Amino acid sequence: MTPMSALQKTDPEIAKLITLEEKRQREVLEMIPSENYASQAVRSALGTVLNNKYSEGYPKKRYYQGNAVIDSVESLAQERAKKLFGVPHANVQALSGSAGNLAVYVALLEPLKDKIMGLSLAFGGHLTHGQPQSATGQFYKSTLYELGRDCLLDFDAIEKQAVREKPKIIVCGYTAYPRIIDFKRFSQIADKVGAYLLADISHIAGLIVTDQHPDPAPYAHILMTTTHKTLRGPRGAIIMATAKGLKKDPDLGKKIDSAIIPGIQGGPHDDQTASIAVMLKEDSTPAFKTYAKQIVKNAKALATYLSDFDFDLVSGGTDNHLILIDLRNKNVNGKVAAIALEVANIVVNANGVPFDTQPPLYPSGIRLGPPAITTRGMKEPQMKKVAQWINRVIEEVKKEKLPAEKDARNEFMKDFKSRVYKNKNLLAIAKEVKLFTSKFPVP
Ligand SMILES: *Cc1c(COP(=O)(O)O)cnc(C)c1O
């Protein structure tokens, strides 16, 4: 029996939902920049019999018997990660990016005493960079930096703050920053104040390993990346100690490993580890390099076409895989835009913009990017069509004014949602998009 027919037999309800999600992913323009389509090979390793094993510990140092095969799987993943990222130590067990960052802090920081310095969430940082809503900002002290008025990293301000706050870890690497990150400049600041530099490359790792973005390995002490974004793997994360990191702290690798287990996790997900190994093999190929190059070309083309429609791009454009649009000049709220775009089969996320004047659930912008649609084979000419559709959708909802007052806003959203799913013009675009995407196969 194939896995799907076994599922169909045991649980037709869930089988049907998976089929529906498959259809959704096929029909829409999936443009959330943290998402992608993993290959069949990557997905085939998941949910295999490797799921059945307990293997607490590391290759050749396990707490349970029966791990000879698992040891080979994990060692392969480690070796491939070290080679691809050019680092001497890799841990492939973190269950996801947030656990990866937490493990780094557990490895290096004393709770309630040592300080994390990360970019504020409102400016494109991640919750796990020391935000007060996150355990990382509650278990540890934190100080958050912001972007400059030009929406770019302001290194003089960051340096001053680091000197004043004396963080033990400085985090660079973001969720909504469309520009190149100057890792060298960050390392000068970290070195000056004696801090560890953690490069959280979750979003841009696929661009880094293909030379489409400068490499943090010579400058940062630790690299952390998720595996399911531009790397196009299963959900998961890799934590790495660089040569520079081991020079600063020869026990860095051991500390990271101990922070994962016994620090914050128990048994690793061995099928996930195998899938990460498959991903790393794919990511080392010339085909993947071509793919990553095309992501950047597509993002730049899309940015240009969107600018032609007078969209206000944060920082004026993009150097990487993502675009952040400030919709205030169009008088459309980001949440309203994101919902309308979804009705039109274009999936993006509402996102805050630097110096946003709106609350987080109703931010002023949307965030989008081409990693997933590039996997489907779309190129620059298709980006023009995408920009045209986005523009038509935004024009369609231009008269939808989101009230500032909370009760009125909730009333408005209820009314808006009751209308928008029936909007004929948006549904017409949805049809066009569905026909268009049917020509670009998903893996
Ligand atoms: C996605 C992301 C994370 C967290 O990853 P999860 O797998 O969602 O826990 C952490 N840092 C950055 C910069 C990210 O983009």
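Does Lys166 count as buried or exposed?

Modeller: Lys166 counts as exposed because its relative accessibility is 63%, and exposed means over 50% relative accessible area (buried is under 20%, partly exposed in between; 1.4 Å probe, protein chains only). Before we go on: this is a predicted model, so local features need pLDDT of at least 70 and side-chain atom pairs pLDDT 80 or more, while totals for chains, interfaces and linings use all residues. Residues are numbered from 1 along each chain as its sequence is written, and side-chain values use heavy atoms, with hydrogens and water left out.

Back to Lys166. Its backbone is worth a look: phi is positive, about 45°, although Lys166 is not a glycine. You'll find Lys166 in the loop between α7 and β7 (169-172); helices (H or I, at least four residues) and strands (E, at least two) are DSSP runs, numbered from the N terminus.

The loop between β6 (141-145) and α7 (155-165) holds Cys151, another non-glycine residue with a positive phi, about 65°. Cys151 counts as buried because its relative accessibility is 15%.

Ile261 and Pro262 are joined by a cis peptide bond, with omega about 15°. Pro262 sits in helix α11 (residues 252-264).

Zooming out, the chain is divided into domain 1 (49-283) and domain 2 (286-437), with bounds from an automatic or database domain assignment. Their C-alpha centres lie 30 Å apart.

The largest cavity draws at least three lining residues from each of domain 1 and domain 2. On a 1 Å grid over the protein atoms alone, a cavity is a set of points where a 1.4 Å probe fits but cannot get out, a pocket is an open set with protein on both sides within 12 Å along at least five of seven lines, and lining residues have an atom within 4 Å of a point. Thirteen residues line the largest cavity, and Tyr174, Tyr177, Ile181, His203 and Ile204 lie nearest its centre.

The largest pocket has 26 lining residues, with Ile18, Glu22, Gln25, Ala38 and Arg43 nearest its centre. Helices α1 (3-10), α2 (12-27) and α3 (40-45) each supply at least two of the lining residues, and the largest share, six residues, comes from α2.

As for the second largest pocket, 34 residues line it, and Asn349, Ala350, Asn351, Gly352 and Pro360 are the closest to its centre. Two or more lining residues come from each of α14 (334-343) and β14 (349-351), with α14 giving the largest share, four residues. Both domain 1 and domain 2 contribute at least three residues to the lining of this second largest pocket.

Last stop, helix α16 (residues 380-396): among its buried residues are Met383, Val386, Ala387, Trp389, Ile390, Val393 and Ile394. An α-helix has 3.6 residues a turn, so residues three or four places apart point the same way.
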